[in-house]
Every structure is written in C-alpha cells, then in structure tokens.
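Me: I have a protein model open and would like to learn how to read it. Could you walk me through the features one at a time?

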Amino acid sequence: MKKEDKTALISELQNQLGAYSHFYLTNIEGLNAEKTSALRRACFKADIKLVMAKNTLLKKALEAKGIDAAIFDALKGNTALMLCNTGNAPAKLIKEIVKKEKNADAKPQLKAAFVEETVYVGAQNLDFLATIKSKNELIADLIALLQSPAKNVVSALQSGGTTIHGVLKTLGERAE
C-alpha cells in the first residue's frame, strides 16, 4: 500500500472517530459471511457504524486524536471498530448476540472501549458498559427527580383544596 493511500485512510479514520463520541474495539475474527452480514444489519438498526481497519492505521488515527495509550494494547489480531453516539449501544448489542449464541466465546468479543471519555480494556467490562446510561437518559432521570417533589406539592394542594372546600360548604349549609 502506498504512503498516500495510508495517509488517506488514517485521515478517514480520524474523521470517523471525530464524528462519533464513543467507540468499541471488537474481535469478529472467524465470523462467516452470514453472521457478519447479520452483525452489520444489527449494527445499522442500533445506529452503530461498523468499520474494519488495520491496527497500525487505527493506532495512528487514535494517536492523532489524543486517545489514551492504554487502548493500544487491544490492537492485536483482527479488529473491528464500532462507532456510535450512545455509549451503551454496542455493549448491549454484543451481549444480545452472545446471549443468542448461548456461547461465552461467541463473536463479536469486546477488546476495548472508549466511552464517556474513559478507556475500558478487556471483555470483563462488557456488563458494566451495558449498564452505563447515556447523557439523554441521565438528563431524563434528573428531570424526573426534580419534578417529583413539585408534583407531590401540587397534588397535596389540590386534594387539600377540595377537602377544605367540602368542609366549608358543609359548615355553610348547616342551619344555625
């Protein structure tokens, strides 16, 4: 491969890494065409971009983006790059595929991940990554927590108002 081609591929990888806020490095070695096609369809449905890249080119693109060097140890063997804007989507997809295959060694396997500006290395982090809430989910939880006391106050005032109104009406109707 010519140097110009490598430079173009590195810049393309940098653009793709810049377009998405999270990425996962996975091992999909040994998948047949049918399973690879099914994985690509599942990624498309989950709004995940699946990209194959040479490890050396990917490493140079990650270095240029300033990604933590701890992730470079995962760049061995075949590496597929899963890019997304929702931090837990690829982890959930991987867990779903492994569960469907009923095999702990099923592919894809997590090598490393860059989620919420933190590097996670190793397949043992898959369960944790699947439970990480996205920014939008956290905002929704926070809004629900903030609205809860206000709803309680409003409902208490409304129920109390009808009770007080009923008492006053009864007292007013009572003959003196």
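The dialogue below goes from the overall fold to a helix, the cores and a few loop residues.

Reply: Happy to. This is a predicted model, in which local features need pLDDT of at least 70 and side-chain atom pairs count only at pLDDT 80 or more, while totals for chains, interfaces and linings use all residues. Residues are numbered from 1 along each chain as its sequence is written, and side-chain values use heavy atoms, with hydrogens and water left out.

Me: How many helices and strands does the protein chain have?

Reply: Helices (H or I, at least four residues) and strands (E, at least two) are DSSP runs, numbered from the N terminus. Here there are six helices and five strands, in the order α-β-α-β-α-β-α-β-β-α-α from the N terminus on.

Me: What share of the residues count as buried?

Reply: Buried means under 20% relative accessible area, exposed over 50%, and partly exposed in between, using a 1.4 Å probe and protein chains only. Of the 176 residues in the protein chain, 34% are buried. For the surface, areas come from the Shrake-Rupley method with a 1.4 Å probe, and for residues only the protein chains shown count as cover. The chain exposes about 11500 Å², and carbon and sulfur atoms supply 55% of that.

Me: How do I read a helix such as H1?

Reply: Start with its length: the expected span is 1.5 Å times one less than the number of residues. Helix H1 (residues 3-19) has 17 residues and should span 24 Å, which agrees with its end C-alpha atoms being 24 Å apart.

Me: Which residues of H1 are buried?

Reply: An α-helix has 3.6 residues a turn, so residues three or four places apart point the same way. In H1 the buried ones are Ile-10, Leu-13, Gln-16 and Leu-17. They lie on the same side of H1 because they cover an arc of only 125 degrees around the axis, taken from the directions from the helix axis to the C-beta atoms. Glu-4, Asn-15 and Gly-18 are exposed on the other side. The buried residues of H1 pack against strand S1 (22-27), strand S2 (49-52), H3 and S3, where contact means heavy atoms within 4.5 Å.

Me: What is in the largest nonpolar core?

Reply: In soluble globular proteins, nonpolar side chains tend to be buried together. A nonpolar core is a set of buried Ala, Val, Leu, Ile, Met, Phe, Trp, Tyr and Cys residues joined through side-chain atoms within 4.5 Å. The largest one has 23 residues, and Tyr-24, Leu-39, Met-82 and Leu-129 have the most contacts inside it. The elements giving it two or more residues are helix H2 (33-45), strand S3 (80-84), helix H4 (89-101), strand S4 (109-115) and helix H5 (126-131). H4 gives the most, with five residues. Apart from this core lies another, of 21 residues, among them Leu-62, Phe-72, Leu-75 and Ala-112.

Me: Which residues does Leu-39 touch?

Reply: Leaving out residues up to four places away in sequence, Leu-39 touches Ile-28, Leu-31, Leu-50, Met-82, Leu-93, Ile-97 and Pro-108. Across the protein chain, residues 24 or more positions apart account for 75% of the contacts with a separation of 6 or more.

Me: And the loops?

Reply: Glu-117 is not a glycine, although its phi is positive, about 60 degrees. With a relative accessible area of 72%, Glu-117 is exposed. Glu-116 lies in the loop between S4 and strand S5 (118-121), and counts as partly exposed at 39% relative accessibility.
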